[in-house]
Amino acid sequence: MHNSRVPETWSIAELAAEYDVTLRTIRFYEDRGLLTPERRGTTRVYHPRDRIRLALILRGKRLGFSLDEIAKIVDMYDAEPGEEGQLVYLLDQITHRRQELEQRRRDIEETLQDLAEVESRCHADLNALRNHKA
């Protein structure tokens, strides 16, 4: 009978392939203390905790959190679940990040509007030049 369970440990190459990141990226997170694989000689052995932490780190990056913010959030994974202070902190970070992203969206919308206006003027000027030559 085939055992389809998820393995209990992973190599650095397996994690890198699974999460589509470079070995250097994973080593960088190790150097920052975000990942702490077991060492067997010169080989790194990653356990489920490391795998979950890597997923949280990458999610934090996608959401635009700094590495320091990510470290605080990821470290909460190891703490007792449901602690009020952790949840309040995380909710505060989410609120702050959402406000930043909404402001960025407004800035992008304004920039797109500005570009559309400049583009429209350029087309009009180009048409005027072409019609003037004719």
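Predicted model: local features only at pLDDT ≥ 70, side-chain atom pairs only at ≥ 80, totals over all residues.
User: How should I read the largest nonpolar core, and which residues in it touch the most other members?

Analyst: A nonpolar core is a set of buried nonpolar residues joined through their side-chain atoms. Here the largest such core has 19 residues, and those touching the most other members are Ile 26, Tyr 29, Leu 54 and Ile 57. At least two residues of this core come from each of helix H1 (12–19), helix H2 (23–31), helix H3 (48–62) and helix H4 (67–78), and H4 gives the most, with 5 residues.

User: What is Tyr 29 in contact with, leaving aside its neighbours within four places in sequence?

Analyst: With those neighbours left aside, Tyr 29 is in contact with Leu 34 and Leu 35, with Leu 54, Ile 57, Leu 58 and Lys 61, and with Leu 67.

User: How do I read the crossing of H1 and H2, and at what angle do their axes cross?

Analyst: Angles of 65 to 115 degrees count as roughly perpendicular. The axes of H1 and H2 come within 9 Å and cross at roughly 110 degrees, which means that H1 is roughly perpendicular to H2. The contact of these two helices has 6 nonpolar, no polar and 2 charged residues; Ile 12, Ala 13, Leu 15 and Ala 16 in H1 meet Leu 23, Ile 26, Arg 27 and Glu 30 in H2.

User: Where does UniProt place the domain feature?

Analyst: An annotation of this kind may be inferred rather than shown by experiment. The unreviewed UniProt entry places "domain: HTH merR-type" at residues 9–76, and over residues 9–76 the chain is 62% helix and 9% strand, with the end C-alpha atoms 22 Å apart.

Notes:
Residues numbered from 1 in each chain as written. Heavy atoms only, no water. Core = buried A, V, L, I, M, F, W, Y, C linked by side-chain atoms within 4.5 Å. Buried < 20%, exposed > 50% of the residue type's maximum accessible area, 1.4 Å probe, protein only. Helix = DSSP H or I, 4+ residues; strand = E, 2+ residues; numbered from the N terminus. Contact = heavy atoms within 4.5 Å. Axes fitted to C-alpha atoms, helices over the stretch in contact; angles between N-to-C directions. Parallel < 35°, antiparallel > 145°, perpendicular 65-115°, else oblique. Nonpolar A, V, L, I, M, F, W, Y, C, P; charged D, E, K, R; others polar.
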